[in-house]
Amino acid sequence: MAGSGLLRCTFLVLLIAGHSVWASAPADDVDEKDVVVLTTKNFETELAKEKFALVDATEEGDLANQFDVKGYPTLKWFVNGKEASDFGGGRTKDDIVRWIAKKTGPATSDVTAVDAAEKLSEKPGATVLAYLSELSGADFESYTELAASKDDTEFFTTTSKDVAAKLGLTATGSVAVIRNYEGFDPETVTSAGDSTFEGAKGSFGERAAAFLLAQRLPAYMEFSQANANAIFGSGVDKHVIVAGPEEAFAPGKELDTLLRAASAKTRGQVVLVIAKLGTETAKPILDFFGLDAAASTAQVVGFDSKSNKKFKFPGEGEVTADALAAFAVALNDGSAQALLKSAPVPEEPTEDGVTVVVGSTVDSIVKSEDHDVLLESLAPIYEKLAKRFASVDSVVIAKMDGTANEHPDIDAKVLGEGFPTLLFFPAGKAQEAIPYTDERTLKAFTKFLKANAKKKFTLPKKGKKGKKEEAAALWSRGNMGRHSQAYLLTYCGISFMGWSYALVSIIASLVVNRNVEPPSEDTSAFVETFQLLGLLDVLNAAVGLVASAPLTAFLQWAGRSNVLFGVLPLAPPEVSKSPMVTVLFAVWALADIIRFAYYASVIMGKYSAFIPLYPIGVAAEMKIVWDSIPLISKSKAYSVQVPGGHTISYAHFLWVLLLIYIPIFWRLYSFLLRQRKKKLAGSLKKKDA
């Protein structure tokens, strides 16, 4: 636990996930004995002491809930055993030291010695010193108010002429800002002749605040985690980002010189931020703005951190200080052109039933007046939600990759802070996005859509175990990719024609012979071919192309295949050439003709036709197996010798199969009956509506 890098204070509580204490902080400020691990039992008593505390929020869930902890690490400030505020400083040791010093000490400190003034340049970040005639009165009070309001900046005063002179101040009522940032030599700038200070109206503290706003940062800052608080906490919302080769930012090089010149023209208007191509710190910038990581010249974009909007740098020519200054003006007066990313329109419009949206299709899909649209940024539960709403034509479940696509109506105000983000766009002309902030569960999503959809809908009932609609319900809405849909329709068509040929052959034989004759070799070949092809039913279910359960599909296929490829080739002629086989083939053919016709055209035939056909088919299968066992037992086909001189034969397997045939049949038959009941119930509701 040593190594947290956080000092002893009135009480600062760090809530973490596990005991991996803040790795980014140095290990030279806190000893093990200065850190107490808080639990629910000792929280009240230990909080009265002056120590830095640590809470493992994964273990102490009640404490995490009590103080509304949303993420890790979280820092809370306690005074006299009571929560005073969230920690509002940066996430480095120096930031935390400065923040705590402001909380536990006076808002300002007086500098009386020149050597103390010299040490101000050693303090990291920005430091402010005011040269006053006295430490009382209106100027002092307004300056103190400013100091108390800025937790991330240290403020000093002096009435010493020598101290003031050391920092370049010559007249009382003036201010100096001392900057000390990595990559830049310490700099001191004074308010003498500065328009933001001398030309500003208001109290001394208000004019000092304006001067600090313009001067607290160096000419430019590299985007990094360490600099994030300084950039986004500077008080300047508009940023100009310049990405370029790393060597171009070296002191005296092209981009360094350019940005220093531009800084003199843009201070207080924008923060100049750089991204050095080829470095890890540049990657978030490149991804967020869609910039070219291999570019050899500077790339410039604008950003408004308040609205989270991005802007294009105008023109195709050379980047100059004047051009950057003009861009800064455009960012502030609202004339800058928005920068919106969009991935290519996908060939497949859906994925697992979810409509895929890109930046360029937001208007046509999300902003459609005809649909209530729930849009998210890549949440896995969405696939289940899309299947649940597959039969509801007025509701579109859509997703968009928020890192690759943008739209002016989908910005930070709406998106909130992070991913996955969910937005609901109600149907109609006056569309205002509604952020979804509830639980990411199927039940919560469904409740939200029922409450907010402009177009009312009725969902089909779910099965006992939450089974969703069959594949045909998806096909009827077109929520399947074009290639997948074409494949399934082709499969259905081929299977329909094959089984139709087999049934027609059997009927033709019956008409000609006026009797039920054994199936011809041609008919048997067709049945065998299309029964083998039926293995695709199992594969389609296994890969999610249809909503059937893979096990159910396999059991149905395996029952037939055992009879066709296992029993009949070994059965005696009086069984394999009996009319019973013809009846069995006819039942199989009729069942699959109706089944594949249903899948292809979404008719209700299968939901009633299977009631007589399935038991007849199973009875015929069992009769053929029963009649074939004696001969198969004598032939010892597929027999296996086991230790002890015993033999396990195919006949033994068939006896076991006969014993479990009825239970398996009833399971599959009950499932089909439940599916039929669901489908009919949904149809009745639609008619009533």
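**Note on strands, a cavity and selected residues in the predicted model**

1. Phe156 in strand 8 is the bridge partner of Ser109. Helices (H or I, at least four residues) and strands (E, at least two) are DSSP runs, numbered from the N terminus, and two strands pair if DSSP finds at least two bridges between them. Strand 6 (residues 108-110) and strand 8 run parallel and are joined by three bridges.

2. On the basis of the values: this is a predicted model, in which local features need pLDDT of at least 70 and side-chain atom pairs count only at pLDDT 80 or more, while totals for chains, interfaces and linings use all residues. Residues are numbered from 1 along each chain as its sequence is written, and side-chain values use heavy atoms, with hydrogens and water left out.

3. Strand 8 also pairs with strand 7 (residues 125-131), in parallel and through five bridges; within this pairing, Thr157 of strand 8 stands opposite Ala130. Strand 7, helix 5 (residues 137-149) and strand 8 together form a right-handed β-α-β unit. Right-handed here means that, with the strands pointing away from the viewer, the path from the first strand over the helix to the second runs clockwise.

4. Why is strand 8 described as largely enclosed by the rest of the structure? Five of the five residues of strand 8 (residues 154-158) are buried, so the strand is largely enclosed. Buried denotes under 20% relative accessible area, exposed over 50%, and partly exposed the range in between (1.4 Å probe, protein chains only). In a regular strand the side chains alternate between the two faces of the sheet. In strand 8, Glu154, Phe156 and Thr158 point one way and Phe155 and Thr157 the other way, and all are buried.

5. Six of its six residues are buried, so strand 14 is largely enclosed by the rest of the structure. Gln299, Val301 and Phe303 point one way, whereas Val300, Gly302 and Asp304 point the other way. Strand 12 (residues 238-245) runs antiparallel to strand 14 and is joined to it by six bridges, with His239 opposite Phe303. Strand 15 is likewise antiparallel to strand 14, through four bridges; Gly302 stands opposite Phe311, and Lys309 is the bridge partner of Asp304.

6. Which residue takes a positive phi in the hairpin of strand 14 and strand 15? Asn308 does, with a value near 65°, and the hairpin has four residues between the strands. Asn308 is not a glycine. Its relative accessible area is 27%, which makes Asn308 partly exposed.

7. By class, the lining of the largest cavity comprises eleven nonpolar, three polar and two charged residues. Ala, Val, Leu, Ile, Met, Phe, Trp, Tyr, Cys and Pro count as nonpolar, Asp, Glu, Lys and Arg as charged, and the others, Gly among them, as polar. Domain 2 (106-216) and domain 3 (221-333) both contribute to this lining, so the cavity lies between them. The domain bounds come from an automatic or database domain assignment.

8. Strand 20 (residues 422-425) has both faces covered: Leu422 and Phe424 on one side and Leu423 and Phe425 on the other are all buried. Strand 20 pairs with strand 21 (residues 434-435) in the antiparallel sense over two bridges, and Phe424 stands opposite Ile434.

9. Leu459 lies in the loop between helix 16 (442-452) and helix 17 (471-477) and is buried, with a relative accessible area of 9%. Leu459 and Phe389 are 70 residues apart in sequence, yet their C-alpha atoms are 7.0 Å apart.
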